[in-house]
Amino acid sequence: ILRRRFSRENSSKLAKTNPLIHKNNEFDLYKGSVGVEFEHVSSQEQDWLYSRYEELMLQPLSPSQKLNTFRLLQMADSFESFCQKKFSTYKRYSGEGTESLVPALYSIFQTYKTESDSWVVLNIAHRGKLAVLVSLMGYPMRNLFYKIKGNSLMPPELNKDYYYFVDDISTHIAVTHMRSELKPLRVSMLHNPSHLEVGGAVSMGKTRSKQDGGFKAMNVSVHGDASLGGQGVVYELAQMSHLPDFQVGGSLHLVANNQLGFTTPENLGRSTPYCTDVFKIIGAPVVHVNAMCPEEAVKMCQLAVEYRNKFNKDFAVDLVGYRKYGHNEVDEPGITNPKMYQIIREMEGCTQSYARKLKEEGILSEKVYQKTKSQLEEALNTEFSNANFENLEKDQKGWLKIDSFREQWRSMSPLHSNQVIQTGREINHLKSIAEASVKVPSNLKVHPILQKGHISNRLKNLEKNLVDWSTAEAMAVGSLLEEGFNVRICGEDSIRGTFTHRNAGFFCQETEEVYFPLKQLGNFSVVNSLLSELGVLGFEYGYSLDNPKNLVMWEAQFGDFSNMGQGIMDQFISSGESKWLRQSGMVLLLPHGQEGMGPDHSSARIERALEAVNDFEAQQVNLEVVNNVVPANYFHLLRRQMLRDFRRPLVVATPKSGLRHKLAISQIEELGPGTSFKPAILNTLGSGSKKLLVCSGKVYLEILNSNKDLSVLLLEQLAPFPKDYLSELLGSKNFEEVVWVQEEPQGQGAMNFVVPLLSKFFGKEVQVISKPPLSAASEGNKCDFDNHMKDLHEKISKSLGN
Ligand SMILES: Cc1ncc(C[n+]2csc(CCOP(=O)(O)OP(=O)(O)O)c2C)c(N)n1
């Protein structure tokens with residue numbers, strides 16, 4: 001079944017001098033069930049790797065290690081066979097054929113175990129996950145059977161008034177577990193979506209947050225061979241592995257390699273010889289192990305952890321096995337892979353062959369084998385008959401062991417509220433934060449453009465009690481840092497900011513050293529990320545998941561590029577809480593605005609964020625969407641994100657030209673004590689108008705600039721639609737007509753979301769003024785752009801009777 005020979009003919013330099021190896025056949029060490037790829041690793045590490053590899057290969061496992069390995073296999077095997085009988089049409093994505101994954105993972109945990117509090121953060125996809133849950137992660141079998149039978153794991157009381165928590169399939173379950181013999185090591189197995197490989201980004205981010213919080217933590221990702229070879233996010237994560245702001249001291253990669261992806265054989269599934277070849281770009285050692293040899297799998301995982309601990313780098317263990325059934329248990333694999341399955345059908349399972357080996361070695365007797373087998377069967381039957389709600393294992397809250405709102409999340413509430421919270425701060429204090437945000441050591445030579453523009457402008461504005469968008473951000477971040485929150489802003493070029501507006505770090509013009517003034521106030525990191533959206537967004541989401549005190553802001557270079565991370569948006573950010581009861585206070589900053597910069601530098605695609613909103617008006621809304629031009633509001637938004645007792649992801653369409661627009665400025669009083677975020681702002685110019693223009697974003701500034709008499713309502717918060725706030729704001733005011741104005745092309749922007757809500761709110765039909773429909777987000781040339789914008793403003797003027 002092994003199509004490739006993993007032999008390495010030239011043995012190590014050490015092997016030639018090592019007396020232990022001379023006694024044995026040194027050649028065999030590289031020719032048997034393990035193939036190593038160390039040649040691309042740096043030479044100093046190679047010496048260590050070859051020598052440790054040889055030691056491990058020559059040293060037999062102790063009888064108790066062998067029995068433990070066997071027990072884990074037997075447990076996984078009994079579970080899989082039981083499910084095959086009881087739930088024959090259920091898709092469980094059996095791991096049979098690569099079941100040595102279970103003892104391999106155990107070996108990782110055991111080797112990593114330390115005296116101090118430590119964590120393994122584990123991302124594992126569908127293949128074999130259920131067996132790992134029950135064999136290693138202490139997940140109650142009865143709860144799993146209950147779930148397999150089709151029940152929900154969500155606490156019914158949370159869905160009492162309103163259906164919000166959708167739950168997820170069994171192979172996406174998460175659990176945190178501390179095995180008694182491995183104390184104080186805790187293993188946090190994360191939720192995963194079906195979307196393969198993206199979970200690796202989330203576990204990496206979560207691991208980094210644990211490490212930044214002072215814990216020892218190791219990231220472990222289990223891959224399928226086809227997804228590892230095919231998914232681009234793996235490359236993005238590999239590129240993160242040595243970057244100071246992303247590295248996690250080396251990740252471990254374990255491949256449950258069944259040589260097939262769904263129906264596609266490996267020769268059609270990738271161009272490289274091995275699915276693990278992506279790891280070679282970062283010089284990570286790779287070992288390929290015949291998955292039918294569990295002892296070697298255990299040893300190689302030990303080698304992997306030891307290497308990772310010593311060199312702080314990634315290591316990959318490729319368990320090369322097969323897949324007993326089709327892609328799932330109801331698929332017929334012979335349709336597409338007849339020859340392979342002729343061989344597979346003849347094969348003895350790994351557990352059975354290992355039992356035979358241990359019996360031959362006199363370590364396992366037939367009697368003990370049969371006894372443990374029947375004990376496991378009995379336990380499975382008992383668990384199966386107890387798989388009803390009354391008998392399930394529950395936590396202190398009476399919930400079905402879903403591990404939510406524990407430890408650092410304990411103070412958070414599972415239910416949201418749209419209640420207004422005051423987020424203002426004392427004004428002089430805010431001024432001092434803003435000053436501190438541009439204060440650099442006297443020996444740091446700041447670029448003259450920044451000295452003259454950014455620094456002096458900020459200080460001059462402060463004297464006049466004015467706050468622009470970047471200063472509002474600095475004040476929000478600085479105040480949150482002082483209040484004990486951790487702030488991480490990450491994106492391509494976020495230190496400076498795409499529009500040279502943030503300048504959270506000052507680069508000395510002589511030494512190139514960078515100084516971050518806000519770091520003086522607390523745990524602040526502002527990170528220029530690698531040029532990736534999917535991997536980085538996943539990483540940042542994972543970072544936000546770990547701790548409700550983390551304010552994580554991911555910034556797209558332009559909002560347009562955020563769709564490269566759409567899988568993280570859909571599978572995690574907008575639906576994670578509802579599927580898994582895990583909150584995230586993640587903030588997405590997406591520069592947005594029609595400014596003639598072409599089809600791909602114009603839109604955060606607000607319509608897509610709004611499409612992902614579960615309910616427009618209810619309190620328990622999955623996502624907040626804000627189109628922000630008012631600096632004071634940005635300040636309150638960020639503070640609100642942390643100061644309330646629940647976490648909800650936030651998408652902010654952020655300004656571009658609005659960063660420096662003369663009307664996009666707030667009075668500092670708007671940030672003072674007693675103030676809060678204003679979801680909407682009503683502006684009456686001149687004698688006002690009986691027609692109400694409602695809009696959002698930059699077009700508001702343009703309307704204010706160009707029209708004398710009008711009533712205009714700026715909607716900053718689009719979702720949840722702020723109807724109560726609007727009722728209070730508009731009171732008994734009566735408008736004859738209501739028009740929604742947007743700068744985005746028809747069908748894009750907020751119109752499809754907001755117009756029906758406005759109609760309902762005002763009780764009348766709402767007209768729309770927009771650019772004409774376009775296939776892209778904006779025009780590709782200046783002339784067409786100018787004409788369309790001119791038309792838009794003429795329509796607005798005309799509609800006002802001007
Ligand atoms: C991103 C993504 N694309 C497509 C799929 C559909 N799909 C589910 S499993 C699978 C094959 C995965 O093969 P492999 O990674 O080798 O894992 P295996 O199932 O063989 O263990 C595919 C294509 C998916 N889940 N995720």
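Is Cys695 buried or exposed? Select Cys695 to find out: this cysteine is buried, with a relative accessible area of 0%. Keep in mind as you look around that this is a predicted model.

Next, select Cys490. This residue is also buried, and its relative accessible area is 0%. A disulfide is a covalent bond between the sulfur atoms of two cysteines. Searching the whole structure turns up zero disulfides.

**A pair of helices**

Now select residues 63-86, which form helix α4, together with residues 350-360, which form helix α14. Their axes come within 9 Å and cross at roughly 150 degrees. That angle is over 145 degrees, so α4 and α14 are roughly antiparallel to each other. The crossing of α4 past α14 is left-handed.

**A threonine in a loop**

For the last stop, go to Thr114, in the loop that runs between α5 (101-112) and β2 (118-124). Thr114 has a relative accessible area of 16%, which is under 20%, so the residue counts as buried. Which residues does Thr114 touch, leaving aside those up to four places away in sequence? Select Pro184 and Lys216 to see them. Finally, draw a C-alpha to C-alpha distance from Thr114 to Phe279: the two are 27 Å apart in space and 165 residues apart in sequence.

Note on methods:
Residues are numbered from 1 along each chain as its sequence is written. This is a predicted model: local features need pLDDT of at least 70, side-chain atom pairs count only at pLDDT 80 or more; totals for chains, interfaces and linings use all residues. Side-chain values use heavy atoms; hydrogens and water are left out. A disulfide is a pair of cysteine sulfur atoms within 2.5 Å. Buried means under 20% relative accessible area, exposed over 50%, partly exposed in between (1.4 Å probe, protein chains only). Axes are lines fitted to C-alpha atoms, for helices over the stretch in contact, and angles run from 0 to 180 degrees between N-to-C directions. Helices (H or I, at least four residues) and strands (E, at least two) are DSSP runs, numbered from the N terminus. Angles under 35 degrees count as roughly parallel, over 145 as roughly antiparallel, 65 to 115 as roughly perpendicular and the rest as oblique. A crossing is left-handed if the near helix is turned anticlockwise from the far one by less than a right angle, and right-handed if clockwise. Contact means heavy atoms within 4.5 Å.
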